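The structure under discussion is shown below.

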Amino acid sequence: MLNKFVKLTTSKLFILIIWIVIFAFACYTRFGTINYYHGFLSDQGRDALVISHMKDTGQLITLGPASSQGNYSLPPLYYYLISPTVYLSDDPKIQVIPNAVFSFSTIFLFGLLVYFVVKDMISDSKVRSELLDKLLLIYLPILSSVWWLCLVNDVILADVEWNPTPIPFFTISLLLLSYIVLKRSNPSLYLWILLGLVTAIGSNLHSTTLMIFPMQYLITVAYKMMKDRKSSVPGALASLLIIFLLHIPYIYAEIQNHFVNSLNLIKQLFASSNNEIHTLDDLLNNFGRTLYYLFSKYLIPKDSLDKFSLSLGSGLLLFVITESKKLFKGNVILKLSASIFLIYMVFATMYFGDIHFHYQYLITILVMLYFIILLRVSINSRNLLLGICVISFIAISIGINYKQTMSYIDNQFTSQDSLFDTVDMNFIIDKVPNDSNVCLQDNYNAFHSSIEYIVKLSNKDIKINKECANGFYMIKCENKIFYIIN
């Protein structure tokens, strides 16, 4: 009896130690570099100016961050989300903290998501091994958290104040809340309100979430109403009310402005790229391009392995799609995630602009979820080939992302050619006399808003110009170092 107790205690202690190590490394990667704030560029300067203006005037902002894909802005809930930071301090570094918290939380939330998926798969499984199921239920969430922990692009985005950074946190929250609402026979009003809150904020984060979050919310509500309309109506109305109330400032402003922003948004949504008519081959090529960036640039970000990662990743995803009826049977979270994935891919296939990591935030975490689940399937079915393929992809992804994450952090802490930060900006503006003109020239688009915010904090009367003239102070950033020329 004592030996069994010691063995049980040792096992639990080992798992606890793993989670403590994950927690410590998560703190290091998500909070360790905030003091340097190396990503304070024009988008961040723009946001800092907006929420600072909101604090100074006491007036709510009615539009959120401007979209780079069209002549429209997002609704303003992201600004409301980060605005408390400016009341704590005007220092731009403080404005990074919410996104660092969201990124940090996502590491553990992803593990929780995998836990619920695996638990449902175990309960629906006809062939069960109690010991194996228990081990998978413990270690697959750990693996998923480690994978997201090492993802270098998420580490980079956690280091800046930027509206796309919380997308994974709110995507997982939407999936989990939808899952709980659908699984419970009579979900509480608080759950419905939380679902509405997450849908509203998540839809305001980026153009990729603007349509997908509301559509996913409607799918959840419609499915719940079909199962149990009578008990679902009060909760559904409460969540809709929350969504409406949170958007009142935006709706009021749109009424005043004759819905100009909303009409521009709709035009952009249904506009073809450059008004061209695209063939089926164009759409298929675009589909392939989306997968290439997902697998070869983000999940395994190494150019020399781009063909390998694209082939292996696409093969595993194809397996998920062809076996989806069997894999997703009875699993609410996987079915919900599949609807998000399909909606995203429809929009992505019709998008012909440049692709950046934050554009694919939504499906990155979904594909990672599918591959983790494939690992569980390969173990249970004793499919050696599938297991080798999945383990190879995940192991290579974790290894390369970990290496690049450590290189990124090392570059901020120790490299002589370190990234510029807000300390450099403050130092430069401190050198510029009051009532002067500064010019940025080639650096204007990258830094004009951030320099403007630093000037605002300095309380100096300094005018910022793109082009230089006689007597202007030229601010340059070359080789990642700021300097000034008179």
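Leaving aside its neighbours within four places in sequence, with which residues is Asn401 in contact? The model examined here is a predicted one. In it, Asn401 contacts Cys150, Leu151, Val152, Tyr298, Leu299 and Pro301, once neighbours within four places in sequence are set aside.

Asn401 belongs to helix 19, which covers residues 384-413. Its relative accessible area is 0%, and because values under 20% count as buried, Asn401 is classed as buried. The side chain of Asn401 also reaches the backbone oxygen of Ser397, at a distance of 2.8 Å.

Arg30 is located in helix 1, which spans residues 2-31. With a relative accessibility of 1%, Arg30 counts as buried. Two polar contacts of its side chain can be described. One joins the side chain of Arg30 to that of Ser103 at 3.0 Å; in the other, the side chain of Arg30 reaches the backbone oxygen of Leu149 at 2.6 Å. Beyond four places in sequence, the residues in contact with Arg30 are Ala100, Ser103, Phe104, Ile107, Trp148, Leu149, Leu151, Asp154, Val155 and Ala158.

Helix 8 (residues 167-183) packs against helix 9 (residues 189-203) with an angle of about 155° between them and an axis separation of 9 Å. Because angles over 145 degrees count as roughly antiparallel, helix 8 is described as roughly antiparallel to helix 9. The crossing of these two helices is left-handed. On the side of helix 8, the contact is formed by Phe170, Ser173, Leu174, Leu177, Ser178, Ile180 and Val181. Helix 9 contributes Leu191, Trp192, Leu194, Leu195, Val198, Thr199, Ile201 and Gly202. Sorted by class, the contact between helix 8 and helix 9 comprises 11 nonpolar and 4 polar residues, with no charged residues.

Helix 9 also packs with helix 10 (residues 207-227); their axes come within 7 Å and cross at roughly 160°. Helix 9 and helix 10 are therefore roughly antiparallel to each other. From helix 9, the contact involves Trp192, Leu195, Val198, Thr199, Gly202 and Ser203. From helix 10, it involves Thr209, Leu210, Phe213, Pro214, Tyr217, Thr220, Val221 and Lys224. By class, the contact of helix 9 with helix 10 has 8 nonpolar, 5 polar and 1 charged residues. Trp192, Leu195, Val198, Thr199 and Gly202 of helix 9 take part in the contact with helix 8 and in the contact with helix 10.

Where is Arg382 placed? Arg382 sits in the loop between helix 18 (361-381) and helix 19 (384-413). Asp435 is found in the loop that lies between helix 20 (422-431) and strand 1 (436-439).

Definitions and conventions:
Residues are numbered from 1 along each chain as its sequence is written. This is a predicted model: local features need pLDDT of at least 70, side-chain atom pairs count only at pLDDT 80 or more; totals for chains, interfaces and linings use all residues. Side-chain values use heavy atoms; hydrogens and water are left out. Axes are lines fitted to C-alpha atoms, for helices over the stretch in contact, and angles run from 0 to 180 degrees between N-to-C directions. Helices (H or I, at least four residues) and strands (E, at least two) are DSSP runs, numbered from the N terminus. Angles under 35 degrees count as roughly parallel, over 145 as roughly antiparallel, 65 to 115 as roughly perpendicular and the rest as oblique. A crossing is left-handed if the near helix is turned anticlockwise from the far one by less than a right angle, and right-handed if clockwise. Contact means heavy atoms within 4.5 Å. Ala, Val, Leu, Ile, Met, Phe, Trp, Tyr, Cys and Pro count as nonpolar, Asp, Glu, Lys and Arg as charged, and the others, Gly among them, as polar. Buried means under 20% relative accessible area, exposed over 50%, partly exposed in between (1.4 Å probe, protein chains only). A polar contact is a pair of N or O atoms within 3.5 Å; within protein, one must be able to donate a hydrogen and the other to accept it, and residues adjacent in sequence count only if both atoms are side-chain atoms.
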